[in-house]
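The following exercises concern a predicted model. Please work through each task before reading its solution.

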Amino acid sequence: DDVRALHRALDPLPAEDLLAISDALIAQLAARTAPGRDPAALLVGEVFEAAAPKVLEAMCSWYDWHERADSELRRLVAASPATRAFVRRAEDDARCGDNQASSLLIAPTQRLVRQLLFIQRIGKTTPPDHADHRPLRRAEERWVATLEACN
């Protein structure tokens, strides 16, 4: 019964959408920054800008899922010795590092913040007259709006 409750708390895990978006971003950025490309043509802002609507939808779904899953996991850990032992074993697993279960559940949301910081860093070092300056600013605005919408 505890196992079923734990499965219900964590299912459905909306990670596939996030992974697909990340894979697409990486592939598009790699293509734009491939060796031999003209440095003046390295326009990455529009890649982030174009991904923003998908990121917004996926991240808001993840935040909703996270709130529900984290709350249910905490309830199950408090009420069930079997769930508490399972979570303890998972947290002790070397693959989890020193993270607690709640930290692992929130990890994908931290990616959004790291991506925003990356966009901001590129934007700060991109001259105002560069073709990527405006797309980077728009992408930054979209990422900030996504963070605000998810909170």
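**Exercise 1: The largest pocket**

The largest pocket has a volume of about 240 Å³. Identify the residues closest to its centre and the helix that gives the most to its lining.

Solution. The lining comprises 16 residues, of which L18, L19, S22, P108 and R111 are the closest to the centre. Next, assign the lining to elements: α2 (15–32), α3 and α5 each supply at least two residues. The most comes from α5, with 7 residues. By class, the lining has 11 nonpolar, 3 polar and 2 charged residues.

**Exercise 2: The geometry of α5**

Solution. Helix α5 covers residues 101–125 and reaches 37 Å from its first C-alpha to its last, close to the expected 36 Å. The bend is about 45° and lies at A107, with a proline, P108, following within four residues. The buried residues of α5 include L105, L112 and I119.

**Exercise 3: An aromatic pair**

Classify the pair formed by F48 and W143 as stacked, tilted or edge-to-face.

Solution. The count comes to 3 aromatic pairs in total. For F48 and W143, the ring centres are 5.6 Å apart, within the 6.5 Å cut-off. Their planes stand at 80°, which is over 60, so the pair is edge-to-face. F48 lies in helix α3 (residues 45–79) and W143 in helix α6 (residues 133–150), so that the pair links parts of the chain 95 residues apart. Relative accessibility is 3% for F48, which counts as buried, and 0% for W143, also buried. Together with F118, these two residues form one aromatic cluster.

Note on methods
Residues numbered from 1 in each chain as written. Predicted model: local features only at pLDDT ≥ 70, side-chain atom pairs only at ≥ 80, totals over all residues. Heavy atoms only, no water. Phe/Tyr/Trp six-rings, centres within 6.5 Å; stacked < 30°, edge-to-face > 60°. Buried < 20%, exposed > 50% of the residue type's maximum accessible area, 1.4 Å probe, protein only. Expected span 1.5 Å × (residues − 1). Bend = angle between axes of the 7 residues up to and from the residue. 1 Å grid on protein atoms, 1.4 Å probe; cavity = no way out; pocket = protein on both sides within 12 Å on 5 of 7 lines; lining within 4 Å. Points joined across faces, edges and corners; volume = space filled by probe spheres on them. Nonpolar A, V, L, I, M, F, W, Y, C, P; charged D, E, K, R; others polar.
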